[in-house]
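The stops below go through aromatic pairs and then salt bridges.

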Amino acid sequence: MLVILFWWCAAMVVYVYAGYPLLAAWLARRFGRLTEPRPLDDEQLPSISLLVAAHNEESVIRQRLENALAMDYPTDKLEIVVASDGSTDRTAAIVKQFGGRGVRLLDFRDRRGKASVLNAAVASLRGGIVLLSDANTFLDPSAARRLVRWFADDRIGVVCGRLVLSDPQTGQNVDSLYWKYETFIKKCEARLGALLGANGAIYALRREEYQPIPGDTIVDDMVIPLLAYLRTGCRTVYDAQAVAYEETPPRIASEFRRRARIGAGGFQSLARLWRLLDPRRGWIALAFLSHKVLRWLCPFFLLGLLAANLLLIDQPLYRLMLAAQLMFYAVSAAGTFLPGSAPLVRMIRATTMFSSMNLALLVGFGRWLTGRQRGAWQRTARPSPLLP
């Protein structure tokens, strides 16, 4: 039984991180569709509402609004709304200064959490398309035009753009190996019509597709698109040309807390999205099981792998396996402190990302199980933004 447990846990980890991406790539090449919508002229463009939920974002909100006002989109078809969730700094006061330029403030004085803010804010929007973004995210001027062109197809309900991560000091693109890996999987799933949620930094949806979500929802950018799919069967597509820019957190601890929060949200969402596992849903059932559910369970597979290995240590093969596991975790810990960006360093940091991500998922599971993870979010501290 211990031998079976060891190899089953090992097989699950390998499938989630290597087998499934290869399978998704093959399926996308064999069965996927690659379409490109045509551009729309100004008369054909739909009305849109850019909605930014913010909590204590005084350090970036002015630059964020200047970026929004610089979008290449007809002003008579663009509504810009900032929903302040109980901000105690100057966020609301700064947004009010843009009132003469068409920016609307929804000032929720009591902290209620992002999900409740989105529910209230979306109900008051005027645009047929809702473009959701974050206060610390900066959109390429053409991003809105690229996103909305997909909605000429009535079957499409949600469009997700591409987020480019930049260094807060230099402004240079610092997309990690892990980020490129995730983007590759997302492109494959998109070709199969099995894209799982969106990226909260840049995605758009039809306003009528928005379904109010429970106020304690943690990962709203996954739950909102997938609830829309469950309700109406609408498709979610990915547009790599619709670009947003965001700075990486300067502190590793901030990124770990964010990932733990996402982990808690993943476990929470299972009770709301379990119907996606119905095999009759095709590719999306496979993607949800492999990319989400099994990924969230990987920390337990890793613990099972280690525990079974320790109990089998009297056998030479498993002593070697245990040494390999311990070496892997030692290297991943060292990657936290290695400077530079040489290829070897980047590979070592990939092991660091793997270990820290699974540890964050385990912490997130504990927070979800004990009810300590709330829907209200804490902003990640970043220096003044460097616009692309």
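Select Phe267 to begin; in this predicted model Phe267 is buried, with a relative accessibility of 5%. Colour the helices next: Phe267 belongs to α8 (residues 252–273) and Trp296 to α9 (residues 283–311), so the contact ties together parts that are 29 residues apart in sequence.

Now widen the selection to Phe288, Phe300, Phe365 and Trp368. Together with Phe267 and Trp296, these residues form one aromatic cluster. The model has 16 aromatic pairs by the ring-centre rule.

For another of these pairs, go to Trp26 and Phe31. How are their planes arranged? The angle between them is 85° and the centres are 6.1 Å apart, so the pair is edge-to-face. Trp26 is partly exposed at 46% relative accessible area, and Phe31 is also partly exposed, at 41%.

Turn to the charged side chains, where the count is 16 salt bridges. Select Asp42 and Arg145: their closest N and O atoms are 2.5 Å apart, and they form a salt bridge. Asp42 sits in the loop between α1 (2–31) and β1 (48–54), while Arg145 is in helix α5 (residues 143–148), so this bridge ties together parts that are 103 residues apart in sequence. Asp42 is partly exposed, with a relative accessible area of 36%.

Move on to Asp85 and Arg111, whose side chains meet in a salt bridge with an N to O distance of 3.2 Å. Asp85 is in strand β2 (residues 78–85) and Arg111 is in the loop between β3 (103–108) and α4 (114–123), so the pair links parts that are 26 residues apart in sequence. Is Asp85 buried or exposed? Its relative accessible area is 0%, and because buried means under 20%, Asp85 counts as buried. Arg111 is partly exposed at 31%.

Then select Asp278 and Arg280, a salt bridge with its closest N and O atoms 2.8 Å apart. Asp278 is partly exposed at 23% relative accessibility, whereas Arg280 is exposed at 76%.

For the last stop, select Glu36, Arg149 and Asp239 together. Salt bridges with shared partners join these three residues into one network.

Methods. Residues numbered from 1 in each chain as written. Predicted model: local features only at pLDDT ≥ 70, side-chain atom pairs only at ≥ 80, totals over all residues. Heavy atoms only, no water. Salt bridge = Lys/Arg side-chain N within 4 Å of Asp/Glu carboxyl O. Helix = DSSP H or I, 4+ residues; strand = E, 2+ residues; numbered from the N terminus. Buried < 20%, exposed > 50% of the residue type's maximum accessible area, 1.4 Å probe, protein only. Phe/Tyr/Trp six-rings, centres within 6.5 Å; stacked < 30°, edge-to-face > 60°.
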